[in-house]
Amino acid sequence: MVRPPAAVEPLLRAEAVSLEYRSAERGGSTVRATHGVSFDVYRSDRFVLLGPSGCGKSSLLKAAAGFIAPSAGSIRIDGQPVQGPGPNRVVVFQEFDQLPPWKTVLANVMFPLLATRRLKRADAEERARHWIAKVGLGGFENAHPHTLSGGMKQRVAIARALAMQPEILLMDEPFAALDALTRRNMQEELGRLWEELRFTLLFVTHSIEEALVVGNRILLLSPHPGQVRAELNSHQFGLDSAGSAEFQAATRRIHSLLFDAPPTAAEAIAPSRDLAL
Amino acid sequence: MTLLLEPPIRQEYEYAVAAPGRLAVERPLPPAQRLWAQAWLRKTLILLALAGLWELAARWQGNDLLLPGFLQTARAFVDGIASGELLARVRTSLLVLLQGYLAGIVAAFALTALAASTRIGRDLLETLTAMFNPLPAIALLPLALLWFGLGRTSLVFVIVHAVLWPLALGAYTGFQGVPETLRMAGRNYGLRGLRLVLHILVPAALPAILSGLKIGWAFAWRTLIAAELVFGTTAGQGGLGWYIFQNRNELYTDKVFAGLAAVILIGLLVDNLVFRALERVTVRRWGMAR
């Protein structure tokens with residue numbers, strides 16, 4: 001069994017986290033989204049939460065971001081319990097409307113730096129320009145979000161998040177609303193950025209292929225309520241390995257872990273539709 | 001003949017594509033279409049058509065005590081401007097109007113900011129708007145005169161009442177329509193309370209706030225003119241409503257029309273210069289409205 005060396009403490013530690021939603025139906029009841037989920041994220045991890053819809057993976061990410069408080073268990077970052085949202089954990093959402101439409105690309109990336117009073121205007125602008133160029137949007141600084149394509153909007157969101165230099169970058173299905181070609185492009189670029197910067201990433205997806213390609217460690221969750229089904233390694237896979245035999249085997253293994261039945265021949269040949277890779 | 005039609009197998013092709021920039025992607029519209037795309041031109045044509053219809057109707061009717069024509073009204077209007085009387089009346093009305101309007105905006109903002117950040121504020125706003133929005137401001141004027149006397153304060157009071165509720169309702173509806181993702185993005189960077197309202201909610205709700213401002217402006221005008229018509233002058237210095245009322249009594253119908261035209265002109269100017277410009281530099285530029 002492989003263990004991390006004892007001296008290395010996890011950056012984010014979730015211990016027996018249960019999340020509950022208050023439901024307005026029938027005079028108010030609580031719905032359990034996850035039950036007793038534990039996992040550790042180490043520095044520079046690309047940690048993926050994977051599971052079918054209804055497994056509470058997005059809720060877990062929102063809890064790590066501080067938007068939801070766990071009803072039981074705890075989430076700690078560097079030993080400190082998470083209390084409310086904060087700029088050390090920046091979220092990239094799936095929806096394109098995470099960018100205020102009244103700000104240009106430059107103003108959008110500068111906004112958190114100024115809102116948190118971390119940098120002066122001139123420094124913020126310099127850093128924002130740097131990150132906009134990093135995600136390949138140089139020349140679009142003065143464009144408003146509505147003039148950009150979906151992939152470009154997500155790049156702005158990623159630049160905005162990385163400019164904050166957060167302890168941990170939280171991505172909630174960031175590429176799910178993109179077309180298949182753009183998505184592949186963005187996965188590639190995220191990998192390239194990570195190679196260069198080695199940030200810590202917590203990534204939510206419902207696509208097995210994306211999990212294998214993006215992550216180095218995958219937490220599999222079962223639905224209703226979300227419970228840990230398995231924790232797997234995927235550091236050996238990259239975008240190049242998408243067609244290889246090991247990759248296919250890993251896909252099949254995850255599929256059978258999630259659905260408790262080996263996939264039929266038809267599914268093995270043509271992976272489900274949302275895995276458009 | 002077989003029923004099973006197989007599509008023919010065809011040759012594969014690969015083409016060389018012209019380099020981008022070689023092909024003209026953008027083409028200017030023909031001049032006539034470009035001219036027709038100008039909103040001011042289309043609107044001017046509408047105004048001219050309306051004026052023509054009016055003049056025709058007046059000529060056909062042939063009684064300038066009942067319906068003076070466009071040209072006669074225009075002459076009375078120009079005379080009023082030249083003599084300075086109309087301008088003085090407009091100034092008096094606008095001063096009172098702006099005071100009430102600004103006070104109403106401040107009150108509406110305070111109320112909606114409270115409603116955006118606390119639950120009790122939300123209940124307060126919902127209850128108050130449900131109570132007072134249907135209440136005509138002019139119906140409060142007798143009370144206002146009793147409380148504040150026959151002066152400007154009474155007028156400002158009823159104008160505030162006319163502006164506050166529709167604007168608060170519009171802004172509040174706008175706040176409620178702000179996407180949850182945008183709120184979360186703001187909270188992610190530690191914004192809360194008034195800063196969240198100013199940095200995220202107000203700009204995001206600006207289309208609704210602008211429409212509230214427009215409705216408020218219209219209500220303020222109506223209320224002011226009606227108040228002056230019903231209760232006349234305040235301290236000898238009447239506004240436009242008083243001008244209309246006075247001239248009707250003396251059967252200067254063309255001057256009545258000139259007074260009405262002044263109200264309409266100010267409405268057109270404010271809508272096209274102030275609100276349109278505000279929309280152009282904000283919601284249109286941001287792609288939040290077409």
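User: How many residues of chain B are in contact with chain A?

Analyst: Two residues are in contact if their C-beta atoms, placed from the backbone, lie within 7 Å. Here, 19 residues of chain B are in contact with 19 residues of chain A. This is a predicted model, where local features need pLDDT of at least 70, side-chain atom pairs count only at pLDDT 80 or more, and totals for chains, interfaces and linings use all residues. Residues are numbered from 1 along each chain as its sequence is written, while chains are lettered from A and ligands numbered from 1 in the order in which they are written.

User: Which helix gives the most to the side of chain B that touches chain A?

Analyst: Helices are DSSP runs of H or I, at least four residues, and strands are runs of E, at least two, numbered from the N terminus. On that side of chain B, α8(B) gives the most, with six residues. Both α8 (180-188) and α9 (193-204) of chain B supply at least two residues each.

User: What about chain A, how many helices and strands are there?

Analyst: Chain A has eight helices and 10 strands. Take contacts in chain A between residues at least 6 apart in sequence: 68% of them join residues at least 24 apart.

User: Which residues is Val109(A) in contact with, leaving aside its neighbours within four places in sequence?

Analyst: Val109(A) is in contact with Ala128(A), Trp131(A), Ile132(A), Val156(A), Ala159(A), Arg160(A) and Ala163(A), once those neighbours are left aside.
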